[in-house]
2 protein chains.
Amino acid sequence: MTTLIFGHKSPDTDSTGSAIIWAWYLNEVKGGDAEAVLLGEPNTEAAFVLRRWDLPKPRIISDVEPGQPVVIVDTNNPAELPEGINSADIQAIIDHHKLVGGLETAGPISITIRPLACTATIMHNLMGPNAAKMPDWVKGAMLSCILSDTLEFRSPTTTDQDRELAERLAAELGLDLAAYAAEMFAAKSDVSAFSDAELIRMDSKEYAVGETKFRVSVLETTAPEIPLDRKDSLMASMGDVAAEDGVDQVLLFVVDILREEATLLVPNALVKSVAEKSFGVAVSGDTVVLPGVMSRKKQIIPNLTV
Amino acid sequence: MTTLIFGHKSPDTDSTGSAIIWAWYLNEVKGGDAEAVLLGEPNTEAAFVLRRWDLPKPRIISDVEPGQPVVIVDTNNPAELPEGINSADIQAIIDHHKLVGGLETAGPISITIRPLACTATIMHNLMGPNAAKMPDWVKGAMLSCILSDTLEFRSPTTTDQDRELAERLAAELGLDLAAYAAEMFAAKSDVSAFSDAELIRMDSKEYAVGETKFRVSVLETTAPEIPLDRKDSLMASMGDVAAEDGVDQVLLFVVDILREEATLLVPNALVKSVAEKSFGVAVSGDTVVLPGVMSRKKQIIPNLTV
């Protein structure tokens, strides 16, 4: 049976690209039978990367059958995976997030989690000398994953390994790294077509602090004015999104990639209090700027206080 | 703060040896500050290996403080780890068991789980070219781990990687592999000094089938007559052990390493029924021989049926 390879339910560049990279590796290097698939529509940046490198657009699946062989990339969180994941035949996990608990496997499998910025960097390590066999479209996908997850090395999650690999790939591809990153970020910033609820859910993770459940949403952009110009309407839809998704509060951070800061929308007293306690800022209006905050994983989630 | 490295609560050769191997690697190759410790008394085989290679006997700890940096080897199961494990600072996990779920980490860490027979084999892979720096006592520990977990390559968990590494290490150490394995297994078989309850708990994992909780105990031995001569008294103490440990039934498999078969003690109708349904055998007396059964992980647990 074909092994399905997929990342989380909100396919960004790393989740989409690393599934494609690993499918190439399993098929072309390991002689296997694997297919990259998605658990939802790719975001605008991931869609740009698919077009730019002429990558086969993975089909979208909604669940997995019992016994289906799968490889999970870029997450180990069952909440971000198909409902039937624990009855699938999980063959491997490659990820760079904290261990959440909740996934179980029938027997011992191959699990590789590393504190690197990007799943694709881990895959490069796993390939060893076989990485030299990567065709340009796989290199392009890998470079895109790293630039996306590191925000072109601006995110504090960036490691030397991520940066050196990206610079080497750009050189091998004859690509101006900064110009290409700008193209990617422009694509990511092009979110005018989305509804407020879609924007809130686009890059979002649930996280509980004590009894309070948050949906922690991030919009990484080089054009913060696009979401911020519609902040009233975004804040107005937060209540509905929270109710539908069974959380207490949406936190929406608009991350300005170039200025290296985040703007948090402050719709009510709860978020005002969370902002002040978590980030040591004074909040007066309905937004607050958090200088230097780029990473949900390293800067937002670990500091979140109710 | 010194990083503590430990395996599970019933320290066998792999759990003991791989903690010592990784402490050597972190201290001598990585320039870190690490200490191998144990969560209980090593079994007789592990104690033999410590003496044979003049390894520093790790001190035994009972719990870990909040924030204590730790590396977990040879398990990912919180039930086999100190009570405070999820408030420790887990820095890495190196293991070869199925993913159980239940461990959580504060941030992304390094997790390497591989379907190999032995944790030490995974460590050798992780060391890369640095493995060449291993002194003889580290090689001896590594060889011992592999011979123990593969039962000298007889267990179906054995992979080519485990076997090739062990054969290379034995050659480098100028050691007769078969003779050394026989010494190890003789040490493992020397269990006359233990009480019935100690024997039952010596190499034991809890496993639930539906609503029924088992303690699945294995005694790997080259002298099956030692435990089998006291089967009446072992069976008599199963009820007390089960009650104390909060399980419904003890299953005790005496694995004859040389004959490559297991003998299951059958104290009652429940175990008779489990034996017949799980292994397709007919049970008449109070023991049943299961030809070819060597591995709890690959042959016992996956087949267990109530």
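Author: Buried area is the accessible area, taken with a 1.4 Å probe, that two parts lose on being put together, summed over both. This is a predicted model, in which local features need pLDDT of at least 70, side-chain atom pairs count only at pLDDT 80 or more, and totals for chains, interfaces and linings use all residues. Residues are numbered from 1 along each chain as its sequence is written.

Reader: What makes up the area buried between chain B and chain A?

Author: About 1800 Å² is buried between the two chains, and carbon and sulfur atoms give 59% of that. In chain B, L99(B), P108(B) and I111(B) lose the most area to chain A, together 35% of what that side buries.

Reader: How many salt bridges are counted between chain B and chain A?

Author: The count is zero.

Reader: Why are strand 5 of chain A and strand 5 of chain B called paired?

Author: Two strands (DSSP E runs of at least two residues, numbered from the N terminus) pair if DSSP finds at least two bridges between them. Three bridges join strand 5 (residues 110–113) of chain A to strand 5 of chain B, so the two pair, and they run antiparallel. I111(A) stands opposite I113(B).

Reader: Why is chain A called as compact as a globular protein of its length?

Author: The radius of gyration is taken over C-alpha atoms, and the globule rule is 2.2 Å times the number of residues to the power 0.38. For 306 residues the rule gives 19 Å and chain A has 19 Å, so the description holds.

Technical notes:
Chains are lettered from A and ligands numbered from 1 in the order in which they are written. Side-chain values use heavy atoms; hydrogens and water are left out. A salt bridge is a side-chain nitrogen of Lys or Arg within 4 Å of a carboxyl oxygen of Asp or Glu. Helices (H or I, at least four residues) and strands (E, at least two) are DSSP runs, numbered from the N terminus.
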